[in-house]
Amino acid sequence: MSYGDAMSARTRSGERRAEIVRAALEVIAERGYRGASLAAVAERVGLTQQGLLHHFPTKDALLVAVLEERDKWDAVPNGSWRVDLLASLVEYNAMRPAIIQTFSALLGESVTEGHPAREYFTDRYSRVRASMATALRAEYGDRLPNGLSPERTAPLLVAVMDGLQYQWLLDPESVDMPGAFRDFLRLLGETVE
């Protein structure tokens, strides 16, 4: 096999993996992780289950790939969030309900012992809280206008973001997720347009 042929095969394999991850995301959004099967994902991309296992040897490996892909979509340069960008992230999330539904379903399921995404979400929340504390410290220093430290405020900020997502998914007509989040930022002392 020539170098060009090998590169072409690698590209096709990467494209196929990306297609499988997108299909898995859809199936998980529809059925939850426990209700999603490798067979359903394979069928959606026109593969046999054995063909899918060539790309992802286990359902857990596919789940991790889905979660990692989702995190890439929300990435910011240097991993440094700014408080003013958070409202934009919430607005962006309001434009992609299927992704938010998948994330929320997996998050809800991951609180049970033995769930394959439990460690991922535990680590992710630790990183997100630290990132939010860093963003708050950069904006406000050691104390926010409300008197709390960035470290005390960060879990509240994350809880509001995720809680609004759940409320919005349940009743999008009644919950203005971006508007409610901007209101929360005002409570922190942020000037929001």
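Tutor: Helices (H or I, at least four residues) and strands (E, at least two) are DSSP runs, numbered from the N terminus. G189, for example, is placed in the segment after helix 9 (177–188). This is a predicted model, in which local features need pLDDT of at least 70, side-chain atom pairs count only at pLDDT 80 or more, and totals for chains, interfaces and linings use all residues. Residues are numbered from 1 along each chain as its sequence is written, and side-chain values use heavy atoms, with hydrogens and water left out.

Student: Why does G189 count as partly exposed?

Tutor: Buried means under 20% relative accessible area, exposed over 50%, and partly exposed in between (1.4 Å probe, protein chains only). G189 counts as partly exposed because its relative accessibility is 39%.

Student: Leaving aside neighbours within four places in sequence, which residues is G189 in contact with?

Tutor: Contact means heavy atoms within 4.5 Å. On that basis, G189 is in contact with Y140 and P145.

Student: Which residues are buried in helix 6?

Tutor: Helix 6 covers residues 97–110. Its buried residues are I99, I100, T102, F103, S104, L106, L107, E109 and S110.

Student: Which residues have the most contacts inside the largest nonpolar core?

Tutor: In soluble globular proteins, nonpolar side chains tend to be buried together. A nonpolar core is a set of buried Ala, Val, Leu, Ile, Met, Phe, Trp, Tyr and Cys residues joined through side-chain atoms within 4.5 Å. Here the largest has 55 residues, and F121, L157 and F181 have the most contacts inside it. Helix 7 gives the largest share of this core, 9 residues.

Terms used. Expected span 1.5 Å × (residues − 1).
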